Amino acid sequence: MTLIHFKTNYLKKFVHSQELEQMRALTQAANEELRQGTGAGHDFRGWLDLPVDYDQAEFKRIQTAAAKIQADSDVLICIGIGGSYLGAQAAIEFLQSSFPLPSKLPKVVFCGNSLSGSYLHDLIEWLGERDFSLNVISKSGTTTETSIAFRILKRLLVKKYGEQAAAKRIYATTDRAKGALKTEAKAAGYETFVIPDDLGGRFSVLSAVGLLPIAVAGGDIKALMHGAAEARQDYAELSLSDSPYEYAVMRNILYRKGYTTELLDNFEPKLRMLGEWWKQLMGESEGKDEKGIFPASANLTTDLHSLGQYIQQGRRNLMETMLWVKQPSEDQLIPEDAENLDQLNFLAGKTMNYVNRQAFQGVVLAHTDGGVPVMTLELPDTTAKTLGYLIYFFELAVGISGYLNGINPFNQPGVEAYKRNMFGLLGKPGYENLHEDLQRRLQH
Ligand code: PA5
């Protein structure tokens, strides 16, 4: 019995059973490529065994560092972009109250994920006199957004605590051996954590990249790893029902029929950032060689009042995967009202989660009727164990899905194009020719 349930019962009019059968051999081949390391990008499959094969000594150091940050900081500022922050922010949002009460635990905030000076200014203003630590996260150690924010915040930290004490408040999560951040961390004596070589950024949430911020925020990182380990065990064998394999196959069948955009929907605001993490996982893994499903997300029922019209009746290239949480962390009872002016007494005594479930079911049916293939993924709750399980579910699904679509799901060559242009425009040494070329093009 698996912890989460992937259901396709609303796909009948979009996918026929023989189509699933026809994908069996291809899925078998994709799974072998993935498991045996014969597929493209095979050096980046560390996430497959990470839930059981991780550095235990480092895990303890993460717990110790988290306890130190909890003791000496009101705020942990995580500096990173893409895979170096999305998973941590998604996990913290998933696990915490939507309105955390002021507590003894530090507030974990994120920056270095844009080039906005006003964002960083506002963060520094808000920080005020609070005690803080920095967790700078970058696999390459040279990402511009991250490096700029780190340089500015490091200066603030040194001003507040002095050079030596500041160094003890900086935690660098980066490559084991190379990169500018690693070099600086070594020279300045920062505590460092490793992003393993065989882990791409978007697959790194269960490494120190995600674990340190999650632990500082009070998340149960042991349970998170246990959940992922359980998924690893449950999905060790290929099965085309209620599994990441089935999810990968269904979305590929649909993609080949012209459903080129997939929306990941949730019905819980705590899952909003999970959608952002998932978009990177899917988009960066699959969008290459001029193909791939475009990943988008919607927060329901909120977005039914904005995107709902398009989903119901717009261009028919959408498929949806709806996340449903069976037992949300809390609920609210709808009270009886003697006057009933709002005419809601027919719901009195019901819970908001009950109403939300009717909305979920109503949306599934409406969108199916509107020509949108809907898949559902039911989570039992929003605990750390479930989240770990879900993370592994999606990672495995995208690995299989990428191979089914004939691409390397583990590289991201396209991410470099804007960086080169930005360096060219900024006049970075070594980019002089590109600088002139781009300036010429911009003037036309
Ligand atoms: O998934 C990826 O590899 C990217 O999105 C990276 O996470 C992102 O570009 C940040 O890179 P880095 O961790 O090297 O700073």
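## Cysteines

Cys111 is buried, at a relative accessible area of 1%. The model is a predicted one, and a search of the whole structure turns up 0 disulfides. Cys111 takes part in no disulfide, and the nearest cysteine sulfur, that of Cys78, is 8.5 Å away.

Cys78 is likewise buried, with a relative accessible area of 1%. The cysteine sulfur closest to that of Cys78 belongs to Cys111, and the 8.5 Å between them is too far for a bond, because a disulfide is counted for sulfur atoms within 2.5 Å. Cys78 also has a place in strand pairing, where it stands opposite Asn135 in strand S4.

S4 pairs in the parallel sense with strand S2 (residues 75-79), over 5 bridges. Asn135 of S4 is the residue opposite Cys78. S4 also runs parallel to strand S5 (residues 170-174), to which it is joined by 5 bridges. Within S5, Thr174 is the bridge partner of Ser138.

## The five-stranded sheet

Another part of the description concerns an open sheet of 5 strands, in the order S1-S10-S9-S7-S8 and with mixed pairing. Which strands stand at the edges? They are S1 (5-7) and S8 (294-299); each has a single partner strand, so one side of each is left without a neighbour in the sheet. Neighbouring strands of this sheet are turned against each other by 20° on average, direction ignored.

The pairing of S1 with strand S10 (residues 374-379) is antiparallel and extends over 3 bridges. Phe6 stands opposite Leu377 in S10. Helix H11 (residues 272-286) lies across strand S7 (261-266), S8 and strand S9 (318-325). The helix runs at about 175° to S8.

## Thr261 in strand S7

Is Thr261 buried or exposed? Thr261, found in strand S7, is buried, with a relative accessible area of 14%. This value counts as buried because the cut-off is under 20%.

Leaving aside residues up to four places away in sequence, Thr261 touches Ile293, Phe294, Ala296, Asn317, Leu318 and Met319.

## Packing of helices H3 and H8

Two packed helices are described by the angle between their axes and the distance between the axes. For helix H3 (residues 86-95) and helix H8 (residues 208-216), the angle is about 35° and the axes are 8 Å apart. The crossing of H3 and H8 is right-handed.

On the H3 side, the contact is made by Ala88, Ala91, Ile92 and Leu95. H8 contributes Val209, Gly210, Pro213 and Ile214. How do the residues of this contact divide into nonpolar, polar and charged? The contact of H3 with H8 has 7 nonpolar residues, 1 polar and no charged.

Notes
Residues numbered from 1 in each chain as written. Predicted model: local features only at pLDDT ≥ 70, side-chain atom pairs only at ≥ 80, totals over all residues. Heavy atoms only, no water. Axes fitted to C-alpha atoms, helices over the stretch in contact; angles between N-to-C directions. Helix = DSSP H or I, 4+ residues; strand = E, 2+ residues; numbered from the N terminus. Left-handed = near helix turned anticlockwise from the far one by under 90°. Contact = heavy atoms within 4.5 Å. Nonpolar A, V, L, I, M, F, W, Y, C, P; charged D, E, K, R; others polar. Buried < 20%, exposed > 50% of the residue type's maximum accessible area, 1.4 Å probe, protein only. Pairing = 2+ DSSP bridges.
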